[in-house]
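Visitor: Could you take me through the sheet in this model closely, and then through what packs around it?

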Amino acid sequence: MPKPRILLVDDEERFRTNLQKMLDAQGLTVRAASSGAGALEDLKRSPCDVIVLDIRMPGMDGLATLKEIKSINPEAEVIILSGHASMDAAMEINRLGGYDYLMKPCPLEDLLLKIEAAYEKKVDREKSQRQPPPPKPEP
């Protein structure tokens, strides 16, 4: 299976840079954006398979960004990272089509497993959409 194209969106430069380096070291293709608006501009230029998105950012927060991501690239799977747990936010992420919600700091192995599972879900969904419907039985 090919590797997923990942977009990492976080306003904290040190966190974003370090996580991008760790994911790159795992052989993943990772682009980064420092804001929700920057992520949307990036997605308009080139789609991604999995987006790792911070929920609390100045300007456009993660929930507003998630909503816009789904309108631009509805097939992308979005994993939300947050340093603040909230049941309301988790329910809203689910309603908006987010894949999963992880707490910061998240062990790299946990994030890698979520990225892999999100990518597999995307690939499986695309395969099922390409398959022709089964023939209708003769009356």
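**The sheet and its surroundings**

Guide: An open sheet of five strands runs in the order 2-1-3-4-5 with parallel pairing, where strands are DSSP runs of E of at least two residues and helices are runs of H or I of at least four, both numbered from the N terminus, and where two strands pair if DSSP finds at least two bridges between them. Strand 2 (29-33) and strand 5 (100-103) each have a single partner strand and stand at the edges, so one side of each is left without a neighbour in the sheet. From one strand to the next, the twist averages 20°. This is a predicted model, in which local features need pLDDT of at least 70 and side-chain atom pairs count only at pLDDT 80 or more, while totals for chains, interfaces and linings use all residues. Residues are numbered from 1 along each chain as its sequence is written, and side-chain values use heavy atoms, with hydrogens and water left out.

Within the sheet, strand 1 (residues 5-9) and strand 3 (residues 50-54) run parallel and are joined by four bridges; Leu 8 has Val 52 in strand 3 as its bridge partner.

Helix 5 (residues 108-130) lies across strand 1, strand 3, strand 4 (77-82) and strand 5, and runs at about 160° to strand 4, contact meaning heavy atoms within 4.5 Å and angles running from 0 to 180 degrees between N-to-C directions, with axes fitted to C-alpha atoms, for helices over the stretch in contact. The loop between strand 5 and helix 5 holds Pro 105, and the peptide bond from Lys 104 to Pro 105 is cis, with omega near -10°.

Elsewhere, helix 2 (residues 36-45) and helix 3 (residues 62-72) pack at an angle of about 10°, their axes 10 Å apart, which makes helix 2 roughly parallel to helix 3, a term for angles under 35 degrees. In this packing, Gly 36, Leu 40, Leu 43 and Lys 44 of helix 2 meet Thr 65, Glu 68, Ile 69 and Ile 72 of helix 3.

Note on methods
Parallel < 35°, antiparallel > 145°, perpendicular 65-115°, else oblique.
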